[in-house]
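Here is a briefing on a predicted model. Look at the chain contacts first, then the ligand site.

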Amino acid sequence: MVELTLPPDSRVNKNGLVYRAPEGAKKPRTFRIYRFDPDSGENPRVDSYEIDMAACGPMVLDALIKIKNEIDPTLSFRRSCREGICGSCAMNIDGVNTLACTRACEDITGSEVRIYPLPHMPVVKDLVPDLTQFYAQYAAVKPWLETRTPAPPDRERYQSKEDQEKIDRPSACILCACCSTSCPSYWWNSDRYLGPAALLAAYRWIIDSRDESTGERLDALEDPFRLYRCHTIMNCTEACPKDLNPAKAIGEIKKMMVSRQH
Amino acid sequence: MARKPLSPHLSHYRFAYTMATSILHRLTGLALSVGLIVLACWLTAVSQGEAAYQRFASGPVSALLRVLLALWLIAFVYHLANGIRHLCWDAGWGFERAQARRSARIVIVSVVIVAALLIWAFFFRGAR
Ligand code: HEM
Ligand code: SF4
Ligand code: SF4
Ligand code: FES
């Protein structure tokens, strides 16, 4: 359902706590960060942290870790690899979904750096969204090899180099959810529309030359909502921090839907 | 279960060409649909005899309708141009980021040119 505004209990108080830069900071910069404490009973708010960039690593994740270590240990966010491969640190930075560990503070124009959780998601705490539904949608496309013929007894199922190359890029998805949560169609219909990340995964198995349930996979997507809520807005492809192209994958699936009818 | 607020979305996401061209396509689609009805009523009205013709083919009502027709033409040209962009996507072409940005720019530029030409041809050419 299209709900342009936030429900009352989700509205953000823009004037949260303010933490000033330490005395003698050489390069102070303000980070305005979405905060939500589930135990407080209060609405979310935006806190301002002024930190000295002269004593901070280059990436937004470095700044978050600095804030957590030195200013406010209650700040919560997910991270693990700090090199753009685990997908944990996806958030909305400067209005756009991306990974905190690969986004350089320097590249953000404007004096303040605004950091919010991934959009239109239930917030567990601060920058931590609840991804339960997102993962369930991934599982729904059966992201594994489905075969009917018995496996060769003495070797794995071979694939040509060309066939492997078709799935190289889509397989590089790290399930960070930047794409799905940037998609207005997903915002309004996430209960029924699978979203770009799950559809990219579906595509990756549909075009896998070794997979033997291509028809069933397409059947499962033949639905006005699961696939066809995509209106080619292209926000997903613009957002993907791994330079993948979910919009194109969705377009290819739509084309296959048409061509298999002939 | 602890309550989980909904994170900000439309109000907060940076508005980019992707969303602008998409929402404009929907809005122009709607405007075209409504406008088509108005256009049909107008054409029917002017064909209802001498007095009705005088009333709807010139004068203040007609002036207002002409402005609306001009807007409808702009909407049509945008919807047509961006519709072609959509059809290209449906054929599998133009999904790369750079291509999508370029095609958006081409749509905007051609809308300005074609709409200006059409409005000139409809309203300013000849002795009107
Ligand atoms: C007066 C004539 C027209 C009217 C009244 C009209 C109306 C509409 C409406 C109401 C929509 C739905 C918008 C939405 O749900 O987002 C739409 C979508 C669309 N129109 Fe038109 N339209 C007209 C002419 C055209 C033309 C000439 C083209 C071809 C270039 C075109 C191409 C499209 C396409 C491709 C879509 C689907 C976009 C999507 O996938 O979301 N339309 N139109
Ligand atoms: S192209 Fe489709 S999936 Fe991607 S943002 Fe647009 S509607 Fe969503
Ligand atoms: S397609 Fe890109 S943005 Fe979407 S989940 Fe995968 S890596 Fe993240
Ligand atoms: S910390 Fe792993 S992707 Fe950012």
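**Interface of chains A and B**

Between chain B and chain A, 22 residue pairs are in polar contact, both residues at pLDDT 80 or more. A polar contact is a pair of N or O atoms within 3.5 Å; within protein, one must be able to donate a hydrogen and the other to accept it, and residues adjacent in sequence count only if both atoms are side-chain atoms.

This is a predicted model: local features need pLDDT of at least 70, side-chain atom pairs count only at pLDDT 80 or more, and totals for chains, interfaces and linings use all residues. Residues are numbered from 1 along each chain as its sequence is written, chains are lettered from A and ligands numbered from 1 in the order written, and side-chain values use heavy atoms, without hydrogens and water.

**Charge and area**

- Six salt bridges (side-chain nitrogen of Lys or Arg within 4 Å of a carboxyl oxygen of Asp or Glu) link chain B and chain A.
- One of them joins Asp9(A) and Arg3(B), 3.4 Å from N to O.
- The buried area (accessible area, 1.4 Å probe, lost on being put together, summed over both parts) is about 3,400 Å², with 57% from carbon and sulfur atoms.
- In chain B, Arg3(B), Tyr13(B) and Phe95(B) lose the most area to chain A, together 21% of what that side buries.

**Ligand 1**

- Ligand 1 lies between chains A and B.
- An oxygen atom of ligand 1 is 2.8 Å from a side-chain N or O atom of Arg26(B).
- A nitrogen atom of ligand 1 is 2.8 Å from a side-chain N or O atom of His79(B).
- On the chain A side, His231(A) has a side-chain N or O atom 3.3 Å from a ligand 1 oxygen.

How values were computed. A residue is near a molecule or strand if one of its heavy atoms lies within 4 Å of it. Buried area is the accessible area (1.4 Å probe) that two parts lose on being put together, summed over both.
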